[in-house]
Structures are given as C-alpha cells and as structure tokens.
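Please work through the exercises below with the sequence and the 3D view side by side. Each task is followed by a solution that goes step by step.

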Amino acid sequence: MKLTEKEVEIIEILEKDARIPIETLAKMVSLSVDETEAILKKLEETKVIVQYTTLVDWRKVDGHEGVTAMIDVKVTPKRGVGFDEVAERIYHFPEVKSVYLMSGAYDLSVVIEGRSMSEVAKFVSEKLSTLDSVISTTTHFILKKYKHDGTVFDQGDQDHRIVMAP
Amino acid sequence: MMQQTKKSYLSETVARLKPSGIRRFFDLASSMEGVVSLGVGEPDFVTSWSIREACILSLEQGYTSYTANAGLLELRQEIAAYLARKFHVKYDPETEILVTVGASQAIDLALRATVNPGDEVIVVEPSFVAYSPLVTLAGGVPISVGTNGDDHFKLRPEQIERVITERTKALIVCSPNNPTGTVLHKEELEAIAQIVKKHDLLVISDEIYAELTYDGPYISFAAVDGMRERTILISGFSKGFAMTGWRLGFAAAPAEILQAMLKIHQYAIMCAPTMAQYAAIEALRNGEQDVEYMKKSYHRRRNYFVQSLNEIGLSCHMPGGAFYAFPSIRATGMTSEQFAEKLLLEEKVAVVPGSVFGASGEGYIRCSYASSMEQLQEAIKRMKRFLDRL
Ligand SMILES: Cc1ncc(COP(=O)(O)O)c(C=O)c1O
C-alpha cells in the first residue's frame, strides 16, 4: 500500500507516543482534526496500524517481575508450506510474545514470557520440543532489559541545558 | 589631604559595553522551581552517539595534542566536501577554510580581520546578541537596521541602502535568523546582493542554522551570483548537529580574508579543541541521518507550536527555519520585558523578550520550540491561562 508523506508522518509520531492528543497530532502535521481522524481510521482499518500498546517496566511491580526467554528453534520445513505452518503452530500459544523467521544458524526466534524460569522450561520441554517439525531448541533467558523497541528503560528525561541562552 | 579616586583597570570599550539583556531573566528563571523554559537557544537533543563515540575513540588513541592552526586537514576537507554537497559552494580546504571555537569565534575573527577603526558594520536586527558588541570590540561602529515584523522580518535592500555611508564596510546577515526564524529566499538574497555589490560591501553570513530550514532548500549567501568573493561564510556544528558544548565551528572565505583570520586565530587560540575536531569529522561523514531526524522533529514541533500560539491569541508568522517562534505580544499593551517577566512570575514560562535582540524586536517574544512536546503543550496551556486572565 502506498502512503502519503503525511500518513507516514502520523505513524512515526504515534510510534513514539500513541497517546498524543489528536488536536496536537493534527497541528504537528498541519492537517485539520477531521483529516487526521480520517487518516487514522484508514490506517486502522487497513491494519497498517495494528494496535496501540503500552511499554511497561514490569520489574518495578512487585510480584510481576516475570521472566523472558528467547528461544532459537531449528525446524524441518514442510513441503508446500515451508516454515509458515510450524510458525503458526507456535505463535498461537498465548505465552509466545513474538515469532520471527531468521536467516543463519537457526530458523525461528521465539520470545516467551512466563512467571518463572520453571514455567518457561516446562513450556519448552512440553509444548515446543514435542512439535513434529522441531529439531532442536536453545533457550536464552533475558537477565536485564536495557532498551526495548527503541526505548531505553530508566532513562529520565534529563535536560542538562541552562534555562536561558542566547 | 589629597582625594584619591581608585583607578579602573578596565578598558573603556569594555566598561561601556552593555551587559546582555538575557542575564536578568536568566537569574530570575534560575531561582525558580517548575519553570517550563522556552528560553534556550540550543537543541534539546544530546549529540548523537556515533559522534560521541568517535570522540571517545580519538581520546583512547591518544589524539590529545594541538592540530594545525587552521584545524585538521582531514576535517577541512570534509567541511569543503560538505559545503559543496549541500550548498553548492566550493572552497579550497588548504587555504579557504578555518576551524574555529564555535561560530562565535568565527564571527569575532571575521570582524577583527576586516574592520578598521571607525568602520561601520551593518547589523540586521532583531539579531543574535553578539554581533554589535563584537563589532565594537573590533573597533568598528555597529549600525542597526531594523526589520519589520509585519513583513516577517525580511531584510529588504532599501533598509540597507538607507544607512549606507562612505564608512560602511560590511553587512552581517543571518538566515535562518535567531530570534525570528526568518529565512531569506533566493530572490530576496539576490536583491540584497545587488546593493552589496553596488556599495562594494563585505558580507558576513552567519549560516549556523542552515541545516534547519523546513520549507525548501537552503541557499547560502556565498552561492548567490557574484557574492562568493565578498562573503565570509560562517557556520558550525552547534545547531544542526546538536553539538553546542563541543565549541566547534568554521569559516569559509576567499584565501586573502581567510588567511588574515587565521593570523589572528594562531596567536589568540592556536587551534580549536582536538577531540571536538575528531568528533566533527564523524559528524560530517556519517551524521546526515541524525540531522534529518532532528530536523523532522523540530519541523513537527514548529507546526504544532506556531499554530497553537496563533490560536491562543499571540499572532506569529510561520518561521522558515531555526527553532524559534517570534510571536507578537503587542495586542497585550505590554512591553516585551513586562510580558516576559509577568509570564515568568505568574505562570513560570520562560521566554526571551524580543527587545533583547534589538529595538525592532520590541513587541515580540522569542520562544524556542527545541523542547519536548510535553513541555510545549504545557507551555501553551500556561500561556493560554495567562492571556485569558489579562
Ligand atoms: C545566530 C547565531 N550565530 C552564532 C551562534 C553561536 O554558535 P556557536 O555555538 O557555534 O558559537 C548562535 C548561538 O546561539 C546563534 O544563534
């Protein structure tokens, strides 16, 4: 789908802050509120904008720390459907947060979130490894998130500038 | 008994120099909590990591000694390539480019290298606060030319011609302008060029905001027909590359003028900071994407902020460049100082009174929109409340 420059700009702004008031957004791209609303509606209907989500630092919430694992999965692709069918079998599990087809040493990169390491381990051994096409898995637990989707955790908006300068 | 008055050690020129009008507001704003500042004349971005990283590497490798007086040749070559690529002006990196301690020092050198005692230098106002004092310090006489807010502060040839005398030596122009954000377009520059040629003036063109123009390609004064030979082009890394603290700028000019500037520079400064020069090489080689990103961000903030100012009742032209909005506050009946002070005390929004930038800035305030969208929205909210109360 070909988008106009303004449409791309609206997406770029929302990617950084999806809660920006529509009046402000409209002004930033020099459109009326109605025009901006129409563009948003179109982008949502065509699923260019899939969803508006919130980036949460769960470590700060007691009892919700959780664990995240990245699992390298090697699979045998099936004739006719390639990797898509295996990927689909995997991504339907709700604990699977993302699935990517990769180039290189393994085929699928699967991100799992669970409440504890044993929960993740259980998922890998019972659900993932037992799939027919899965040849092997390597599980990496994330120890600390420094930056996620372009955002650095715990980076205050520190402005070091003096309050007034020529 | 004989009365002894203590003798002052100060130079009379310096003693007579007016302190900057920003100072009082700076002190006031600094003493307050919770101020939303639109008073900052510098980017809100931190220098991009690739540039900072290049500087760190240069330190690790031990590049901590002086460079050539004119700056690292490698950097001058990058500057020459950059000027040719972006603004279609050609300079010889060996003899026509000088790396300076900010554009500030380049302006100072340009004046000191060319002004004879009593020479008049035309300063177009409202303008950056340093020009007139630097003319005075160079032994010249600053001659203010006011531009007109109703004409979006465009510099018109008649305005220059009106003040030209046989002592007029040079003209300082700045586009995009601080504080008005006004950009001079090709035909406007050409009209000025005609007068400049007719009266054989030197032009000091402060192009520090050249990277930040939003409504069309930037035209350097040196690129205007016949102007290169009489123009000192001044620019730097502070604004476009968000490198204010690195103190790095440059001048490009015909060899005769540039070598005279270099003569002063080698005695007064030796060379610009070495580590900053290495950072600047990286900025010119790989910094373009980051500049584009920042420019896009200012552009959106400009659109938001200027439209919002107009909506809350502060009439403001759409500035073509830099990161300043310069709305009129004349409708309030206050002077720009009164307005700025009252706004600061009552709503804790810091802006700079337009009068600081010259008499023709009276009736206006400078608002920098190089602040986060959250801060800008908060500032608009407070300013609206303030205006509604008047
Ligand atoms: C118009 C203008 N020229 C020059 C400068 C100084 O720039 P630098 O940091 O390169 O000395 C500024 C900074 O505010 C400016 O606004």
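**Exercise 1: the ligand and its surroundings**

An oxygen atom of the ligand lies 2.7 Å from an N or O atom in the side chain of Arg247(B). This is a predicted model, in which local features need pLDDT of at least 70 and side-chain atom pairs count only at pLDDT 80 or more, while totals for chains, interfaces and linings use all residues. Residues are numbered from 1 along each chain as its sequence is written, chains are lettered from A and ligands numbered from 1 in the order in which they are written, and side-chain values use heavy atoms, with hydrogens and water left out.

Solution. Step one is to find Ser104(B), whose side chain has an N or O atom 2.5 Å from a ligand oxygen. Step two is to find Tyr209(B), where the corresponding distance is 2.8 Å. Step three turns to the area: the ligand taken alone exposes 400 Å², of which the protein buries 95% (Shrake-Rupley method, 1.4 Å probe).

Task: Which chains surround the ligand, and which helix gives the largest share of the shell?

Solution. Begin with the 14 residues around the ligand, of which Ala103(B), Ser104(B), Asp206(B), Ser238(B) and Lys239(B) come nearest; a residue is near if one of its heavy atoms lies within 4 Å. Because residues from chains A and B surround the ligand, the site is shared between chains. Next, helix H5 (residues 102–114) of chain B supplies the largest share of the shell, 3 residues, where a helix is a DSSP run of H or I with at least four residues.

**Exercise 2: Arg230(B)**

Task: Is Arg230(B) buried or exposed, and between which strands does it lie?

Solution. First locate Arg230(B) in the loop between strand S6 (202–206) and strand S7 (231–236) of chain B, a strand being a DSSP run of E with at least two residues. Its relative accessibility is 13%, so Arg230(B) counts as buried (buried means under 20% relative accessible area, exposed over 50%, partly exposed in between, with a 1.4 Å probe and protein chains only). Then look for partners: leaving aside neighbours within four places in sequence, Arg230(B) is in contact (heavy atoms within 4.5 Å) with residues including Val196(B), Asp200(B) and Leu201(B). Finally, a polar atom of the Arg230(B) side chain lies 2.8 Å from the backbone oxygen of Leu201(B).

How values were computed. Polar contact = N/O pair within 3.5 Å; in protein donor to acceptor, adjacent residues only side chain to side chain.
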